[in-house]
Amino acid sequence: MTFDWEAKYCERVSHMYGSMTRQLMHLIADPEVISFGGGLPAWELFPVEKVKEVVDHTLDSDGAAILQYGTSEGYGPLRMAVAERYVKRGFDITDENVLITSGSQQGIDLVSKILLDKGNAVLVEDPTFLTALQAFSLFQARYLTVPVDGEGMRVDLLPEILEDNDVKFIYVIPNFQNPSGVTLSLKRRKELLKVAQQYGVPILEDDAYGELRYSGEVLPALKELDEGGQVIYLGSFSKVLSPGLRVSALIAPDGVMEKLVFAKQAADLHTDNLAQRIMYGFLERDLLDPHIQIIIESYRKRRDRMLQAMERHFPSEVTWTKPDGGIFLWVTLPEGMDAMDLFQQAVQAKVAYVPGSCYYADGGGENKMRLNFSACDEQKIELGIQRLAKVIIGNLT
Ligand SMILES: Cc1ncc(COP(=O)(O)O)c(C=O)c1O
C-alpha cells in the first residue's frame, strides 16, 4: 500500500497551484515551434565569458569564503554597491535597506510571509504577474482587482475600493508591466502614493523590467517618491544579467527590514554566495551597464520588428499595446475569440503564446494574449507573427 500524502496536506495546500505559463510552455517540446510564450531573456546575449572571468578571479581570491555560509542580508559589498546604484537614481536609502534575495520572486514570497494572514485582501492590477498571484494565494490571500489601461493601473478607482475594504497591501508593476507592457504614468504614480498614504496601505512595487527602457522618458520609481516609508521595492537582476543566478535586491524601509531578514533566514538562510559574487563582480568592474546597453539595443529592434510584423499581418480587428520597454506585448483579439481555444491551433501552426486569462485574479481576459519579444531573433519574430496571424484570421467569423 502506498502512503496517503493527500490526507496529510495542510489547509494552505488547497490554495496552491502550478504556473499556467510553465505548464503550457512544457507542452511545447517541438523545437520548430516559435515560442512567444515564456518570459526568457535572449540566450545568445548572456555574457558567459565575462561571468567566467569573474568566477575565476573570485574563486582564486576568496574561494573558501564563497563555500562557507554567508549572512542572511546578503554579501556586504554587494549590498553597498546596490545601494550606491539606487542612490544615483534618486533613492533615499543606505545598504541597510538592501536585502539580497534569491530572485525577486523570493521577495514577493517574503513580503507575503510577513504581511498576509489567511483571508487578507491584496489589491492587484487586472491583469497582473501570475506567479505573484501564485505566491499570494499560498498565504490564502483574496484579491481586489483594479483594471489597467494605457497609463497603467486605474488609480482613480482606488479611493472607493480602499474606503470599503481593508487592504493589506497594493501590488503594482509600474514599468512595462507583465503581462500588458504598459507603464504607470507619473501623474498616476503620485496619485497612487497619495491615496495609499491617505488610507495607510503599504505598496509592493515590482520593478523587474525597469532598466529595460527602449523609448520614452525614465520615470521615478514609487520608492523614489515615497516620503513616508510605505513602499517595499523589488529590483531584479534576472532580466538584465541572468535569471539563472537567482540574485535580486529587495529595498525596504528601516522598520520592516528585520522581519524580512528573519523570513529570509527561515526560507533559505541566505542567497547563493557565488551568484552574489558574480553580481558584485559585474557591478564593481562596471560590466553591468554596458551589458544592459547591448540588451536594450537588441530588444528594441525585436520589439519594433514584432510591432511592424503585427501591423503587416494581423487583421484590423486585433489591437495591441506598444510598450516603451520590458519584454512583452499584450494583444486583444476580437470580442468572443478565446485565446485559450486558439492555443492548440497555434501550436499546430508552430507558434506559441500565453493565453491572457492566466493573468486575471478574478477571471476574464479570454480574448487577450501575451507575446514575448526578447527570446526570438527578428527573423523568427516575423515568421511567428505570420503564423499567428493565419490562425487568428482562420478564426474570424
Ligand atoms: C513582474 C515580475 N516580477 C518578478 C519576476 C520574478 O523574477 P526573478 O525572481 O527572476 O527576479 C518576474 C519574472 O518573470 C516578473 O515578470
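By class, the shell around the ligand holds 4 nonpolar, 8 polar and 1 charged residues. Here Ala, Val, Leu, Ile, Met, Phe, Trp, Tyr, Cys and Pro count as nonpolar, Asp, Glu, Lys and Arg as charged, and the others, Gly among them, as polar.

The model is predicted: local features need pLDDT of at least 70, side-chain atom pairs count only at pLDDT 80 or more, and totals for chains, interfaces and linings use all residues. Residues are numbered from 1 along each chain as its sequence is written.

**Ligand shell.** The ligand is surrounded by 13 residues. The closest are Gly103, Ser104, Gln105, Ser236 and Ser238. Helices (H or I, at least four residues) and strands (E, at least two) are DSSP runs, numbered from the N terminus.

**Core.** The largest nonpolar core has 102 residues, of which Met279 and Leu371 touch the most other members. Such a core is a set of buried Ala, Val, Leu, Ile, Met, Phe, Trp, Tyr and Cys residues joined through C-beta atoms within 7 Å. Buried means 20 or more other C-beta atoms within 10 Å of a residue's own, exposed 12 or fewer, and partly exposed in between, with C-beta atoms placed from the backbone. Helix α11 (residues 288–313) supplies the largest share of this core, 6 residues. Domain 1 (5–46 + 290–394) and domain 2 (48–286) both give residues, so the core lies between them. The domain bounds come from an automatic or database domain assignment.

**Sheet.** An open sheet of 4 strands runs in the order β10-β11-β14-β13, with antiparallel pairing. Strands pair if DSSP finds at least two bridges between them. β10 (319–320) and β13 (354–355) stand at the edges with a single partner strand each, so one side of each lacks a neighbour in the sheet. β14 (residues 368–372) is joined to β11 (residues 328–332) by 5 bridges, and to β13 by 2 bridges.

| Residue in β14 | Opposite residue |
|---|---|
| Lys368 | Thr332 |
| Met369 | Pro355 |

In β14, 5 of the 5 residues are buried, so the strand is largely enclosed by the rest of the structure. Lys368, Arg370 and Asn372 lie on one side, Met369 and Leu371 on the other.

Conventions. Near = placed C-beta within 6 Å.
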